[in-house]
Amino acid sequence: MGVALFCGCGHEALSGTVTILQNYFEVIRAPGETLDVFTIIDILKYIIYGLAAGFFVFGVLLLVEGFFTTGAIRDLYGEFKITACGRCLTLMFLAYLFFLVWLGVTAFTSLPVFMYFNVWSMCQNASLVEGANLCLDLRQFGAVTISEERKVCTGSEKFFKMCESNELDLTFHLFVCALAGAGAAVIAMVHFLMALAANWGYLKDASRMQKYEDIKSKEEQELHDIHSTRSKERLNAYT
């Protein structure tokens, strides 16, 4: 659910960012294969597609591993073992990898949330800064080159149109939802790793206890056989 929330809200938030840049900051897509802000946004969208596809495959692997490990748990009172496919599908390393990935994604998603929060706060407090000359310059965020001047100031018509538009408010809250989804994914990965480690410990302890019970049962059976043999020998000697 966290991944779905991040991918859906993140994609729409990036599309809203493109609309804001084009309509209010008059940023034009560079011709050719020049690496500009729109190209970076397109790359981020492809990364979102990759995360969605990767976690879909990861979910399928978890489902398949669940079937195999369930068979091992059902054999708990026999010999503790897991099938060859189950060993191949051990996802501890992959889970740690995705955990680190989502930590980075969460940290990266907090940046646009911070930027949009500043812009949104300026719009909410526009009446308080009426006499001040505050400007939003894209060069501060690295969205355009130093030679390009793309800024919107508080007293301009574009600033008020941007603040009154639905794009800014919707994009800001979409980024907040994307950040919440990324945080939920991190919490889910931590919970999965904790549960996986705990279950593995429980199974290993149960395996050792089962082996102890088997050895104890064999020793008792051997003692019983020895006593039974001696009893038969005494009976035969008496006869």
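A disulfide is a pair of cysteine sulfur atoms within 2.5 Å. Keep that cut-off in mind. This is a predicted model, and today I'm going through its cysteines.

A search of the whole structure finds two disulfides. Start with Cys-135 and Cys-153. They are joined, S to S 2.0 Å. The angle about the S-S bond is 90 degrees, and the link is right-handed. Cys-135 sits in strand 1, residues 135–137, and Cys-153 in strand 2, residues 151–153. The two are 18 residues apart, so this pair links distant parts of the chain. As for solvent, Cys-135 counts as partly exposed, at 27% relative accessibility.

Now the other bond. Cys-123 and Cys-163 have their sulfur atoms 2.1 Å apart. Here the angle about the S-S bond is -65 degrees, which is left-handed. What does the pair tie together? Parts that are 40 residues apart in sequence. Cys-123 lies in helix 4, residues 92–124, and Cys-163 in helix 5, residues 157–164. Cys-123 is buried at 12% relative accessibility. Cys-163 is partly exposed at 23%.

Next, the cysteines without a bond. Cys-9 is in no disulfide; its nearest cysteine sulfur belongs to Cys-177, 4.6 Å away. Cys-177 is in no disulfide either, and its nearest cysteine sulfur is that of Cys-9. Why no bond in this model? A disulfide needs the sulfurs within 2.5 Å, and these sit at 4.6 Å. Buried or exposed? Cys-9 is buried, with a relative accessible area of 12%. Cys-177 is partly exposed, at 32%.

Technical notes: Residues are numbered from 1 along each chain as its sequence is written. This is a predicted model: local features need pLDDT of at least 70, side-chain atom pairs count only at pLDDT 80 or more; totals for chains, interfaces and linings use all residues. Side-chain values use heavy atoms; hydrogens and water are left out. Helices (H or I, at least four residues) and strands (E, at least two) are DSSP runs, numbered from the N terminus. Buried means under 20% relative accessible area, exposed over 50%, partly exposed in between (1.4 Å probe, protein chains only).
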